[in-house]
Amino acid sequence: MKIVLVGQHNSGKSMVFSRLTGIDTIVSNYSGTSVEITQGMMKVNGLSFELLDTPGIYSLAWADGPSDLTRRAIMDLRDDDLIINVVDAGNLVRNLALTLELLELNLPMIVLLNQVDVAQSHHLVIDHQKLSEYLGVPVIPFSAQTGEGVADLHAVISKGSRLQPGSSPRRFLITSDMAACPCSPNCSGCPMGETASCSEQPVLDYYQQARCLAKQVILRSDNRPRGLQVLQDFLDKTRMGSLALLLLGLLGFYLLLSFIGWSEEVIVSLFAPIQDLIARIISTIVPSGFWHTVLSKGISEGIVVPFSLVMPAMLMVSFLISIIEDIGLLPRYAVLLDRVGNLFGVSGQAVIPLSLGFGCRTPAVVATRILGSEGQRFIVIALLSIVIPCAGTIGMLSSTIVAFDAYVPVIILSMLAVFLLLGWVLKKLYGENEDRIYELPPLRMPQAANVAKKIRLRFQGFFTEVLPLLLVLSVAVRIIIESGVLNRLHNLGSLTYTLFGLPPEAVIGVLLTIIQRYLAPLVILNLSLDPRQATIAITMIALSVPCLPVVVMTIREMGVKAVVKIVGVGFAVSLSIGFILNLVLPAIGG
Amino acid sequence: MQEKLTTAEKRVPLTRVPAGKKVKVTELPMGGGSRGRLAGMGIVPGVEIKLILAHPLKGPIVVELDGNTVAIGHNLARRIMVDEQ
Ligand SMILES: Nc1nc2c(ncn2[C@@H]2O[C@H](COP(=O)(O)OP(=O)(O)O)[C@@H](O)[C@H]2O)c(=O)[nH]1
Ligand SMILES: [Mg+2]
């Protein structure tokens, strides 16, 4: 037997899935968090069941993008499978409209009345027994957060009987109680607009029924806005609210950058004794000479650099993004940036993958699935790959900037200019003025446990990817430097100097960005560059090709052709920005 | 297109509705995925929605129904016809 979690967007399916299987999933407060079906095992009284978490779905009749995966998963169900319909108790009408539609399938079903903890704190009382009578399937008050209702669910599943909705008198009951409602269930009396098509008729029906049903099962509700609701009304319903969001965003960026600058010093000083120790251990093992220099410098740099330059940025970005996500601010920024998005031919929704990209670009590429069309996805992935600095990149870039006294405004302005220009060009090629619809979820208090879990998920890559890669490459880079290969490049110097005003070694550093952007500064940090040269090199690194993991992910999501285009454009952008800066930046001291 | 409407009702695009007003949806633009997405949220002809806020500079129009807040891009809102009562 297979069990599928089905529900409206943001009703809590993924959190229920985590609760029931113990598997970590990404849970966030906006529609479109889950874009794939996740599979897990759920144990009930010693029996194992396969449990599927699915992307949210409004209605079986209107399932596009990720929702279509859900629709297909439902269509594949057999008579002995089970649907667990996750319903947000705080948003009954919309959720029940889907429930009513699902009942038509006549498959075994259980309704989880989720988020009852929130409902309780809002003094919302729902008569779940009455609801169960109307629907003809078990309705279980549940909280994915507190675990309330898990035992009840297990009991119902292990009993296994009476889950088929078919025999229920629900339709009759709803109809007979609907006298007070403006429309009859078949909506014969509804003043429908003349363009309403047949396919919308059922939707209107389900919603009308759901409204009636909700009215009857909500015993008590308190609509007075309170706490977060007051803040939500301010942000969503007033112009000042938009201004406040904008200021908050700027403050967030400022906080991030100052934290990175401040933490580096602290960590470097903390690591100084460790570096000494490593150097001493290596000198006792390896006699002085070529390998001694390579290992002692390579390994200590390979350890200190990730911890001091990459770790703080990764941690802080993971923290900020997780908080912003869980409060429910991302869709609000999407609305705010809708007008900017129009300039690029993308929905304001693009703000979600783009801001996730500041953490790590690889998952951000997957997140582009919430965008409406392939064209928009390509634009956003290209901007992500070429322009948006991930946390690791931000850390490395800011440290090289400090080390060489490079011109920060030039670098930031170049990045902005490329972002705007590239966005504009891509819009001309791939953009479309497709219609935008943004859903604004309720604001929530971020839960420490969930935030911690997401920081952990996002930060894992540091130990599995960043640290080992940087360690290995740091030694490799040392070998190159110490072996004197770079010196032999000097006859290329005239070329690289004319083109970019840079020594050939620095250009090698730039080319290293193919592997991983934040590796390039390893080379750069070992060169002696003046501030002007450093500015050019850093800008070229900041604006270049996607790193390997992003390339792999983009192939998976968009195909090889898209990646080839993006890498090509990335190279072109990087080389031209170096060339242009070399032309326009005044020579040093002149 | 001229139509006879009852004296109390006026048919206008959603973008012309003042904030705070409740209106009834009468026409949605034909074709495209947006019609389906609107329908999925219960925004279909016949339903009543409340206009909350129109963002300046042709920004999204924020509406409310069944306690949910939805922002609709200007370009789409322009083509949604509603009756003011
Ligand atoms: N307080 C509370 N919050 C919940 C509960 N279930 C889900 N949430 C929150 O609701 C939001 C959406 O949850 P998620 O599982 O991502 O929803 P999905 O889109 O249906 O998968 C997140 O912010 C969760 O923290 C619950 O039972 N109680
Ligand atoms: Mg989910």
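A salt bridge is counted here where a side-chain nitrogen of Lys or Arg lies within 4 Å of a carboxyl oxygen of Asp or Glu. The structure is a predicted model, in which local features need pLDDT of at least 70 and side-chain atom pairs count only at pLDDT 80 or more, whereas totals for chains, interfaces and linings use all residues. Residues are numbered from 1 along each chain as its sequence is written, chains are lettered from A and ligands numbered from 1 in the order in which they are written, and side-chain values use heavy atoms, with hydrogens and water left out.

At the interface, 34 residues of chain A are in contact (heavy atoms within 4.5 Å) with 42 residues of chain B. About 3,300 Å² is buried between chain A and chain B, 53% of it on carbon and sulfur atoms, where buried area is the accessible area (1.4 Å probe) that two parts lose on being put together, summed over both. Of the area that chain A buries against chain B, 20% is supplied by R339(A), D435(A) and I437(A), more than by any other three residues. A salt bridge joins the side chains of D66(B) and R211(A), at 2.8 Å from N to O.

Within chain A, a salt bridge links D233(A) to K237(A), with the closest N and O atoms 3.5 Å apart. Both D233(A) and K237(A) belong to helix α9 (residues 228–237) of chain A, where they are 4 residues apart, about one turn of the helix; helices (H or I, at least four residues) and strands (E, at least two) are DSSP runs, numbered from the N terminus.

Helix packing was examined through axes, which are lines fitted to C-alpha atoms, for helices over the stretch in contact, with angles running from 0 to 180 degrees between N-to-C directions. Helix α16 (residues 374–386) of chain A packs against helix α26 (residues 560–584) of chain A at an angle of about 45°, with the axes 10 Å apart. This angle makes α16(A) oblique to α26(A), given that angles under 35 degrees count as roughly parallel, over 145 as roughly antiparallel, 65 to 115 as roughly perpendicular and the rest as oblique. The residues of this contact of α16(A) with α26(A) divide into 8 nonpolar, 2 polar and 1 charged, with Ala, Val, Leu, Ile, Met, Phe, Trp, Tyr, Cys and Pro counted as nonpolar, Asp, Glu, Lys and Arg as charged, and the others, Gly among them, as polar.

The axes of α16(A) and helix α18 (residues 408–430) of chain A come within 10 Å and cross at roughly 155°, which makes α16(A) roughly antiparallel to α18(A). Residues of α16(A) that meet α18(A) include F378(A), A382(A) and I386(A), and F378(A), A382(A) and I386(A) are also among those that meet α26(A).

Helix α11 (residues 290–327) of chain A and helix α17 (residues 391–404) of chain A pack at about 130°, with their axes 7 Å apart, and α11(A) is therefore oblique to α17(A). The residues of the contact of α11(A) with α17(A) comprise 8 nonpolar, 3 polar and no charged. I327(A) is also placed in α11 of chain A, and lies 35 Å from I303(A), C-alpha to C-alpha, at a separation of 24 residues in sequence. Leaving aside neighbours within four places in sequence, I327(A) is in contact with N29(A), P442(A), L443(A), R444(A) and P446(A).
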